[in-house]
Amino acid sequence: MHDYDVEGLLSQGLCTRCLGRVYALLGHGLTNVERGKALLILHAFERGLCGERVDPSALHRDSCDICGGAFTRFSMYAEMVEEKLRDYEYETFLVGSRFPEEALQREREIQEAHGGHGESVKREFNREFGKHLEAHLGKRADMKRPHVTITVDTRYDIVRVAVAPVFVYGRYRKLVRGISQTRWPCPGCEGGKYGGSVEEYIGEVMKEVFRSDDYRLHGMGREDVDARMLGNGRPFVMELISPRRRTVDLSELEREINRRCAGRVDVTGLRYSNRGEVQRVKESRHRKGYEVGVEVDASDEEIRSALKSIEGKVIYQRTPLRVSHRRPDRVRERKVYEARLVKREGPLAVIHVVGDAGLYIKELMHGDGGRTNPSLAGLLGKDVKVKYLDVIWIYDQEE
Ligand SMILES: [Zn+2]
């Protein structure tokens, strides 16, 4: 017979379940309550009790120092969860729990003193309440990517829910200048003079459709406020925060965005995405194609020949003066793959450039007082004024 110190354990004031959990890792196929009962019965027999009533269920009590009777309150917790999630669409959930730190500490000490075969009360609670919730809600427990995370604070009988965001991937085009990509951090400050943001144009429609609390746009790089984003559009992932709906007809959503933002912003290729893709989108660097309109007192031939000489070249760019107040001064090396004069429109020379991500195009044209080398202005030995700049292609699919 093993030397289970049931006598000593009983004096700790544990309920049958917490008693059984001390030996949770022994005897597969038993619940902790069954283990507890088995121990009590074994104990009664060992003491040779005769004619005495053995009632292990008498030890189920709210006063247990470890669980505090939390396992007897599943129905109440389940109703609280159901109420909190009433408005939310979800299929999967994950349960977490809080117990008093002293109780957890005490449980560790007791289990350690009795062979270290135990399991923590939190672990059992999360598992058992998870099963209870599956039955109660008709939803599925999911450890990896739950739609909602439920935390039961058994100390105060409070339930908290955190709804996972929905991510939607797409490409946006910005058809007008003067719109920033994302909202400005403080309303009324620097951004006040601009007409909204791509994030808001797309996000407000999505927020309405997904009935989310908020939204956040993660773009694959960004264009200047005064540059349009044309061509195949810029990849982005929109994060919908605490959405009440998760399944939405994305092609219908796309049409709705394009209808409501017509002439300013449009989107294509909306599909569901995930947090991992946010990281990939934010970190990826691809070549980009630009159209830049400049004013310079030079002939077509001079411009063509200057542009020819920077094709295939690495450009050295000290941090431009216009951004030097918010970025450290260093030299950036980026390659130009193509640079050609497309047309002349009166005083304007229209130039197309394909370059590495992060190439400063305006500076490549006007030279930034010699801080960018080589540059069109430097090669011509003339002043170059940039009149407009648009992104016309992002080469994320071709590479
Ligand atoms: Zn207990």
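Two residues are in contact here if their C-beta atoms, placed from the backbone, lie within 7 Å. By that rule, and leaving aside neighbours within four places in sequence, M206 is in contact with V168, Y215, M238, L240 and L253. The model described here is predicted.

**Domains and cores**

The protein chain is divided into domain 1 (6-163), domain 2 (166-283) and domain 3 (288-394). The C-alpha centres of domain 2 and domain 3 lie 29 Å apart. Their contact takes 10 residues from domain 2 and 8 residues from domain 3. On the domain 2 side, these are 3 nonpolar, 3 polar and 4 charged residues.

M206 also belongs to the largest nonpolar core, which has 54 residues. Those with the most contacts inside this core are I202, M206, M238, V292, I361 and M365. Helix α7 (residues 198-210) gives the most to the core, with 6 residues. The core lies between domain 2 (166-283) and domain 3 (288-394), because both give residues to it. A second, separate core has 32 residues, including L14, Y23, A103 and I150. In soluble globular proteins, nonpolar side chains tend to be buried together.

**The open sheet and its helices**

An open sheet is formed by 4 strands in the order β2-β1-β3-β4, with mixed pairing. The edges are held by β2 (140-141) and β4 (158-163); each has a single partner strand, so one side of each is left without a neighbour in the sheet. The partner of β4 is strand β3 (residues 148-153), and these two pair in the antiparallel sense over 6 bridges. Helix α6 (residues 121-137) lies across β1 (92-98), β2 and β3, and runs at about 145 degrees to β1.

**A residue in helix α2**

L19 is found in helix α2 (residues 16-21). Not counting residues up to four places away in sequence, L19 touches L9, L14, G36 and L39. L19 and S273 are 254 residues apart in sequence, and 46 Å apart in space from C-alpha to C-alpha.

| Strand pair | Bridges | Facing residues |
|---|---|---|
| β10 (residues 314-318) and β11 (residues 331-345) | 5 bridges | Q317 and R332 |
| β11 and β12 (residues 348-355) | 8 bridges | R340 and H352 |
| β9 (residues 288-296) and β12 | 8 bridges | K288 and G355 |
| β9 and β14 (residues 384-394) | 9 bridges | Y290 and V391 |

Strand β11 pairs with β10 and also with β12. Strand β12 is joined to β9 as well, and β9 in turn pairs with β14. What do β11 and β12 form, and how many residues lie between them? They form a hairpin with 2 residues between the strands. In the turn, G346 has a positive phi of about 60 degrees.

Definitions and conventions
Residues are numbered from 1 along each chain as its sequence is written. This is a predicted model: local features need pLDDT of at least 70, side-chain atom pairs count only at pLDDT 80 or more; totals for chains, interfaces and linings use all residues. Two strands pair if DSSP finds at least two bridges between them. Axes are lines fitted to C-alpha atoms, for helices over the stretch in contact, and angles run from 0 to 180 degrees between N-to-C directions. Domain bounds come from an automatic or database domain assignment. Ala, Val, Leu, Ile, Met, Phe, Trp, Tyr, Cys and Pro count as nonpolar, Asp, Glu, Lys and Arg as charged, and the others, Gly among them, as polar. A nonpolar core is a set of buried Ala, Val, Leu, Ile, Met, Phe, Trp, Tyr and Cys residues joined through C-beta atoms within 7 Å. A residue is buried if 20 or more other C-beta atoms lie within 10 Å of its own, exposed if 12 or fewer, and partly exposed in between; C-beta atoms are placed from the backbone.
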